[in-house]
Amino acid sequence: MRHFTNVKDLGDLKQAVKEALEVKANRYGYSHLGKNKTMMLIFFNSSLRTRLSTQKAAMNLGMNTMVLDINQGAWKLETERGVIMDGDKPEHLFEAVPVMGCYCDIIGVRSFATFENKENDYNEKILNQFIELSGRPVVSMEAATGHPLQSFADLITIEEYKKKERPKVVLTWAPHPRALPQAVPNSFADFMNETDYDFVITHPKGYELDPKFVRNAVVEYDQKKAFEGADFIYAKNWSAYADPNYGQILSKDRAWTVDTEHMEWTNNAYFMHCLPVRRNMIVSDDVIESPQSIVIPEAANREISAQVVLKRILESL
Ligand code: AN0
Ligand code: CP
């Protein structure tokens, strides 16, 4: 593997899950691979899990790690060409990224959608500039339109918990006070569409995701109908994708908050969320604290998804 930005970079998903379970059972068995190799993690946005789990995965593989928060201590970066740089940004991405590449062997990047320009977001402008300019393998740690390390961890978790070959998995929109990217639901749909699960997406009208990610998934606007018979409920907020409302909040309807009554509609489903989660907006205290909540094992699998990806990149260096 050279770069990891998308489900397709994993190739056969059954094989990838198998490798993940092997790595999970023997996470220090590959520590020779990363000797004298350096992983650099660049954050344009906040993070708890991605920051820690990706470093842990790199350390399990024997790598050194360096973390840089662009907004805390680094120079603010200009990203557009042709700008007269007389404002508040002292450095251009065009120099900063090749410099970063000089000091490491693999670069992880977190750069969320800005909602300023849909085309730039959906063309993954920043992530692609890292790929073009760093000269290093690049790992998406959540970019503008996808969060594949998260979705890979989600898939591993579903495979560990599923009680039937073809579970019903429901991605449900839930309310949130701030406008959030579509990256997590996009990637989750992308991964689920590669499985043979019964996959359903439910959200209020106006929250349709990019058809490129939805593909043939069933979209059910009635949340109760969607939840019926579900084995896994995957909750997430996202802002509108469709024009002219791109990046906007259309609803904060707490009728969509996943509470005990919602879970009673399901087949005793497991509850999942990528975290961080706002309690009693996305999910009630009772549901997230219930035995059916698997948000912590899900987060634990972030170490494993990252380790499989870094292991494969190291193997191909
Ligand atoms: C981010 C998002 O929704 O994309 C990160 C999730 C992993 N969430 C927030 O900003 C709250
Ligand atoms: N799930 C996830 O990516 O969490 P962080 O934003 O804390 O990294």
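This is a predicted model: local features need pLDDT of at least 70, side-chain atom pairs count only at pLDDT 80 or more; totals for chains, interfaces and linings use all residues.
Local features need pLDDT of at least 70 and side-chain atom pairs count only at pLDDT 80 or more, while totals for chains, interfaces and linings use all residues. Residues are numbered from 1 along each chain as its sequence is written, chains are lettered from A and ligands numbered from 1 in the order in which they are written, and side-chain values use heavy atoms, without hydrogens and water.

Thr50 belongs to helix α2, residues 49–60 (a helix is a DSSP run of H or I with at least four residues, a strand one of E with at least two, numbered from the N terminus). With a relative accessible area of 2%, Thr50 is buried (under 20%; exposed is over 50%, partly exposed in between; 1.4 Å probe, protein chains only).

Rings of Phe, Tyr and Trp (its six-membered ring) pair if their centres lie within 6.5 Å; planes under 30 degrees apart are stacked, over 60 edge-to-face and the rest tilted.

| Pair | Centre distance | Plane angle | Type |
|---|---|---|---|
| Phe44 and Phe130 | 6.2 Å | 85° | edge-to-face |
| Phe227 and Trp265 | 5.9 Å | 75° | edge-to-face |

Phe44 lies in the loop between β1 (38–43) and α2 and Phe130 in helix α5 (residues 125–134), so their pair ties together parts 86 residues apart in sequence. Both Phe44 and Phe130 are buried. Phe227 is buried too, at 0% relative accessibility. One aromatic cluster is formed by Phe115, Tyr122, Tyr241 and Tyr246.
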